[in-house]
Amino acid sequence: MLENNITANASGSDDFSDKSGFDTDLDVKTKQKSKRPALYRVILLNDDYTPMEFVVYILQELFHKSEEEAMIIMLTVHNQGAGECGIFPHEIAEAKVAQVIAKAQKDQHPLKCFMEKQ
Ligand code: TYC
């Protein structure tokens with residue numbers, strides 16, 4: 001990611017003063033910074049009620065996992081309490097979490113999902 005930082009300085013001591021005595025010069029500095037976007041893990045939590053098949057379906061449908069990958073992640077969450085579905089930039093992670101929660105609510109499952117900074 002490229003970012004332009006422009007700094008205007010109207011209070012420096014070098015020397016374009018008008019008759020009023022105010023400093024009228026404008027220093028414009030432009031620098032380019034390369035920045036990686038922050039990444040976020042999307043985490044699923046275990047519960048006692050959401051059907052295993054529903055979790056596998058979510059992982060395939062929203063996180064583009066194969067059936068085998070989805071099964072492994074689902075069983076990891078089931079056995080360990082939590083597990084990662086993917087790592088995304090902030091906006092995408094936010095959208096994935098919202099989609100999981102919307103689908104779970106629609107089918108009245110208590111499935112919980114959240115994001116955390118990587
Ligand atoms: N523990 C659930 C069950 O036994 C299955 C499950 C797995 C639920 C993963 C949520 O994120 C989850 N039906």
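Predicted model: local features only at pLDDT ≥ 70, side-chain atom pairs only at ≥ 80, totals over all residues.
Let me begin with arginine 41 and glutamate 116, which form a salt bridge whose closest N and O atoms are 3.7 Å apart, where a salt bridge is a side-chain nitrogen of Lys or Arg within 4 Å of a carboxyl oxygen of Asp or Glu. The pair links distant parts of the chain, since arginine 41 sits in strand E3 and glutamate 116 in strand E5, 75 residues apart. When I speak of helices (H or I, at least four residues) and strands (E, at least two), I mean DSSP runs, numbered from the N terminus.

Residues are numbered from 1 along each chain as its sequence is written, and side-chain values use heavy atoms, with hydrogens and water left out.

Arginine 41, at 25% relative accessibility, counts as partly exposed, and so does glutamate 84 at 36%. Glutamate 116 is likewise partly exposed, with a relative accessible area of 33%. Salt bridges that share partners join Arg41, Glu84 and Glu116 into one network.

Let me now step back to the whole chain, which has three helices and five strands and, read along the sequence, follows the pattern β-β-β-α-α-β-α-β. Of its 118 residues, 26% count as buried. Among contacts (heavy atoms within 4.5 Å) between residues at least 6 apart in sequence, 66% join residues at least 24 apart. The accessible surface of the chain comes to about 8500 Å², of which 52% belongs to carbon and sulfur atoms; these areas come from the Shrake-Rupley method with a 1.4 Å probe, and for residues only the protein chains shown count as cover.

Cysteine 113 is found in strand E5, and with a relative accessibility of 9% it counts as buried. Leaving out residues up to four places away in sequence, cysteine 113 touches Val42, Ile43, Leu44, Val97, Val100 and Ile101. The C-alpha atoms of isoleucine 73 and leucine 59 are 8.2 Å apart in space, although the two residues are 14 apart in sequence. Histidine 109 has its place in the loop between helix H3 (90–106) and strand E5 (112–117), yet at 19% relative accessibility it counts as buried. Beyond its neighbours within four places in sequence, histidine 109 is in contact with Thr50, Pro51, Phe54 and Ala104.

Finally, which residues surround the ligand? They are Leu45, Asn46, Asp47, Thr50, Met52, Val55, Met74, Val77, His78 and Leu111, taking a residue as near when one of its heavy atoms lies within 4 Å. This shell divides into six nonpolar, three polar and one charged residue; Ala, Val, Leu, Ile, Met, Phe, Trp, Tyr, Cys and Pro count as nonpolar, Asp, Glu, Lys and Arg as charged, and the others, Gly among them, as polar. Helix H1 (52–63) and helix H2 (67–80) each supply at least two residues of the shell, and H2 gives the most, with three.

As for polar contacts, these are pairs of N or O atoms within 3.5 Å; within protein, one must be able to donate a hydrogen and the other to accept it, and residues adjacent in sequence count only if both atoms are side-chain atoms. A polar side-chain atom of asparagine 46 lies 2.7 Å from a nitrogen atom of the ligand, a polar backbone atom of aspartate 47 is 2.7 Å from a ligand nitrogen atom, and a polar side-chain atom of histidine 78 lies 2.9 Å from a nitrogen atom of the ligand. Taken alone the ligand exposes 350 Å², and the protein buries 89% of that.

Methods:
Buried < 20%, exposed > 50% of the residue type's maximum accessible area, 1.4 Å probe, protein only.
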